[in-house]
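The following note sets out numbered points for a colleague who is new to this structure. Please read them beside the sequence and the model.

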Amino acid sequence: MKRFAALFNAIDQSTKTTVKVAALTDYFLTAPEEDRIWTIAIFSGRRPKRAVNSTRLREWAAEVAGIPLWLFEEAYPIVGDLAETIALVLPLPDTDTDHGLSHWINALRNLANVEEPARKDFVLEAWRSLDTTQRFLFNKLLTGGFRVGVSQKLMTRALARATGKNEAEMAHRLMGDWDPARITWAQLTVDDDPAANASRPYPFYLAYAFDDAPESLGNPEDWQAEWKWDGIRGQLILRDGAHYVWSRGEELMTDRFPELARALDFIPNGTVLDGELLAWGDGAPQSFNALQKRIGRKTVPKKLLSEAPVILYAYDLLEWGGVDYRQEPLEVRRATLEEVCGNLPTDAPVKLSPTVPFDAWEHLADQRATARAAQAEGLMLKRRDSPYLTGRKKGDWWKWKLDPLTIDAVMIYAQSGHGRRANLFTDFTFAVWNGNDLVPFTKAYSGLTDEEFRKITAWVKKNTQQRFGPVRQVTPEHVFEIAFEGIQASSRHKSGVALRFPRMSRWRHDKPIQEANSLDDLNEMLNTYG
Amino acid sequence: MAALTFTPSGIYCPAGDFYIDPWKPVDRALITHGHADHARWGMGHYLATDIAAPVMRHRLGDVSIDTVRYGETRRIGGATVSFHPAGHVPGSAQIRVEVGGEVWVASGDYKVVGDGLSTPFEPVKCHHFITESTFGLPVFRWQSQDVIAAQINDWWRGCAANDKTAFLGCYALGKAQRLMSMLDPDIGPILTHTAIENTNAVMRAQGIPLAATIQAGGDLVHKDHPGAIVLAPPSALGSAWARKFGPQETAFASGWMAVRGIRRRRAGDRGFVISDHADWSGLLSAIRETGAENIYVTHGYTDIFTRYLNEQGWNAQVLQTEFGGEDAEEDAA
Ligand SMILES: [Zn+2]
Ligand SMILES: [Zn+2]
C-alpha cells in the first residue's frame, strides 16, 4: 500500500498534469502487475464491492478514537469525506505493514464472507498498521466512491507511455466489463482476445459547449446540425448475436433497457450505434421526466415497460460489418447510418435521429429557439468531414444549448458544503413569493465563485436566525437569479414544482427581496415548459 | 459580581474597569497578542506584554501602550492582573484576573507545544477559563515540528533541484518566523515578502533572533537567488509579483491543511499541516491543567466543543465573540 499511497500523494499534491502523468507512468512501469491492474480499475471506477457498511465503520472509528459517536458525526460533514474523517480521528499506527494494494483488495473481497466480529477485527488491525494516507485509501476501498484528481484521459496517457501503445488503442482496451480480479496485465494491455472484444464499447466522443456566434464556425455547408436530446447517451453494440448497451459513464445498462434486445431482429451483427436513449410515445420523443421513471431501475416491471418504452435515437455509426468505422468522415458514417436505420418498422427499438437542415446560420438560430417544443435542449453541430474522436476534443463537435430558464428567488436557508467547500456555506434553499409568504421551491449548490461563496458565508454567520442541525435559517435579504433546464409538477415539493439542474446564475445585489418572482410566475413556466 | 463579564464591546472586568481584547473602542484594553482579531485599533490605552508591544505599535501606529512582563502582577482598581505565556506567537499571553479570590484566565489564542520562538505555554490554575476552539475537533492532530520541517525542506529541495522557486504561503506574524527557524539554510536563500520582512525587522530590533532573510521587494533580481524559497502572505501567491519569479511551486502552511478538501481549495500544490493553535488534544490538556470548572468557549467549533466539554463533566458554555470569524482561517491558523 505504501507505493500506492506514494502514487496517490504525488497525484493529489500536484495540480500539474505533467507531474501526474509522470508519477502514473513510473508506477505502471515499476509496481507489481496485480497492483497496476487494480490501480487502473480503481481510477476508472471499478472498485471492489463494499465490504462493510458505513454505519459500522463510523461506530468502530469512534470507539477506537475514544470519542462519542455524535462527535464523529459532527466532524464528518466538516471534513466532508467519511474515509478521511476516519483516517484523521484514529490514533497514529503502532505497527507497520508492507502489503501491497492487491493484497488489501483481495482481503476486502474475502471479507464479505466472514462474520461481523471477524470483519471488525480485520478492519481494526488494518487501521492499527497503516499511516494516515494509507488508512484513507484503505477506507476509500472499504466505502467506495474513489475520486482522485486524475482523469481517465491522463491515466490512459500514462498507460500508453508505459506500454508503448497509442492512446486511442489504450482507451479502447480499458472500456468494457473486464474483471480486475481475473484479467492479467498482458491481457489488458497487449493481447488480442476476441471473446473480451465482443462486448467492448468504443470510447465516446464528447462535445464542448458552444457559446460563440455561429458565424465563427465558417461555412454552414461544412456543418451538420441535429437536435441535442435530453436523454441518456448510449452505445448499442450488436455482435455475435448478442447486444450490449453502454452508458457514457461506461456502465453496462443492457438489462435496464430490455426493449433494445429486439434491435437484433432488424439490424445485422457487427454494428455499433451511438445515440440517445429516450422515452418514446405518440411517435415522438417524450420529456426527460418520462425517462426518469426508468433511471436507477435495474429491472423493469411490465407495466412500466409499456408506460415508458425506451428507444435508441441513433445519430452515429461506429462499427459496420464488424469493421471499426470511426475514421470515416461524418458524412460517410451518416449516409450509411441512414441506410441502416432509415427504414426500420415503427415498432423497432432503434430510430434515426433526424438532422436539422439549414442553409444560413441565422436560420439555424431560429430553429434552435424552438428546441423546447421538440423536447430537445438545443442543437448539436458536427463538422461533416470529421472522424469520430475519443473523449472531449475541441473543434469538430459542439453542443449549442438553449439559454436556461431563470427566476429570481430569495435565499432563506443555508447549509455548509462538503469536501473542497467544507467550511463554506454552499447549499442554499430559495423561495418565491406567495402573497406575503416566502415558499421554498428549490435548492442550489453551484454557480457562484469562491469569492462569492466566501462573502455569503460571512453573511450567513452574522445573519442566522435559527439552526436546525446543520441547516441555518437566515434573514431574507438576498436575491439570486436561479437558472434551470426544465420544470415539472411535483407533489413532493411544497411549491408543487421541481426544477432540473438548478444553479445560482447571478447574485442580484441590485434587487430588493420584494422584487423576487412569485409562485404564480413559476406556475406559468410550468404551464409553458412542463 | 463575577470578575469577568461579557458585554457587546468585549470581555469586561467591572472591578478593574477594563476590557480584554475588545472589539469596540473602549478606554482601557488588555491585549493577549497582536493578531488583528485581538488587537484592534481605537482603544484609549493598551496594556500588553513587553514582547508583544513592538509588533502592536507597528500594526496600530502611534497608540498608548503600557507594557508588562510575563508573571508580573498589576493592581488595576479592585482586580489583580498578570500575563502568562500562551505559546501562540512571540509575546502572546493568557491574562489572569483575580477579584476577591475568584480567578479567571482569558487565554486568547494558544498552543501547548513549543515552537522554538515563542515563550512556551504555561498552564495557569483558575476557576474560570476562557478558551479558543479554532481546531476543536478530534480530526485535528498535529505532528511534531521536526516531522513537518523535514517535509517542507524535502519539498523545497525538490523545487530547487528542478530550478523552481518554492513559494510558501503563511501569515506574517508568528507563522512566518517559526517557518524561518525550521528551514534548512543549506538548501538556498530565504526570501520574504515585504509584509513579512517588516514584521521580521520589528522582531529583530527587539532582540528576537531570526534566521537570515532577503527582502523580495520590487528591485530584487530574481536570477541572483537560485534555489530560493519565498515566504509570502497567502494573498500574494500567484500574484503578478509572484509570477515574476518564473517557474515555481506553491504551498501553504496552516493547520487547515489537515483537511484534504480545504487544502485542495486553498493551497496551490502542497499543504503543510502546522498551526500556532492547539490541536484537539492540546485544547483538552490545557483545559484540564487549569483545574477550572467553568469553561467559556470562543472562536472555532464552539458549539461542538462546548457540548463535548459538558459531556465530560465541565460546566462549559459558548461565548459569542468577534474573534476569528471569517478571518479565523486568514489569520495565523
Ligand atoms: Zn492569534
Ligand atoms: Zn484569535
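1. B:Lys164 and B:Glu249 are both buried, where buried means under 20% relative accessible area, exposed over 50% and partly exposed in between (1.4 Å probe, protein chains only). The two residues form a salt bridge, with their closest N and O atoms 3.6 Å apart; the term denotes a side-chain nitrogen of Lys or Arg within 4 Å of a carboxyl oxygen of Asp or Glu. This pair links distant parts of the chain, 85 residues apart: B:Lys164 lies in the loop between α2 (145-161) and β12 (165-169) of chain B, and B:Glu249 in strand β16 of chain B. Helices (H or I, at least four residues) and strands (E, at least two) are DSSP runs, numbered from the N terminus.

2. On the basis of the note: this is a predicted model, in which local features need pLDDT of at least 70 and side-chain atom pairs count only at pLDDT 80 or more, whereas totals for chains, interfaces and linings use all residues. Residues are numbered from 1 along each chain as its sequence is written, chains are lettered from A and ligands numbered from 1 in the order in which they are written, and side-chain values use heavy atoms, with hydrogens and water left out.

3. Over all chains the structure holds 42 salt bridges. In chain A, the side chains of A:Glu226 and A:Lys382 meet in one such bridge (3.1 Å, N to O). The partners are 156 residues apart, A:Glu226 in strand β3 (residues 223-229) and A:Lys382 in strand β11 (residues 376-383) of chain A. Both A:Glu226 and A:Lys382 are buried.

4. A:Glu167 and A:Arg157 also form a salt bridge, their closest N and O atoms being 3.6 Å apart. A:Glu167 belongs to helix α11 (residues 167-174) and A:Arg157 to helix α10 (residues 152-163) of chain A, 10 residues apart. A:Glu167 counts as partly exposed because its relative accessibility is 35%; A:Arg157, with a relative accessible area of 25%, is partly exposed. Elsewhere, a network of salt bridges links A:Asp408, A:Arg508, A:Asp510 and A:Lys511.

5. Which residues coordinate the zinc ion (ligand 2)? The donors are B:Asp37 (OD), B:His38 (NE2), B:Asp109 (OD), B:Asp109 (OD) and B:His299 (NE2), at 2.1 to 2.7 Å. Donors are N, O and S atoms within 2.8 Å of the metal (3.2 Å for Na, K and Ca); water is not among the atoms, so sites may look incomplete. B:Asp37 lies in the loop between β4 (28-30) and β5 (45-49) of chain B and B:His299 in strand β18 (residues 294-300) of chain B, so the pair ties together parts that are 262 residues apart in sequence. B:Asp37 and B:His299 are both buried. B:Asp109 coordinates both this ion and the zinc ion (ligand 1), the two ions being 3.8 Å apart.

6. At the interface, 31 residues of chain B are in contact with 37 residues of chain A, contact meaning heavy atoms within 4.5 Å. In chain B, B:Arg141, B:Arg260 and B:Arg265 lose the most area to chain A, together 23% of what that side buries. Buried area is the accessible area (1.4 Å probe) that two parts lose on being put together, summed over both; between these chains the value is about 2,900 Å².

7. Two salt bridges are counted between chain B and chain A. B:Arg263 forms a salt bridge with A:Asp12, with the closest N and O atoms 2.6 Å apart.
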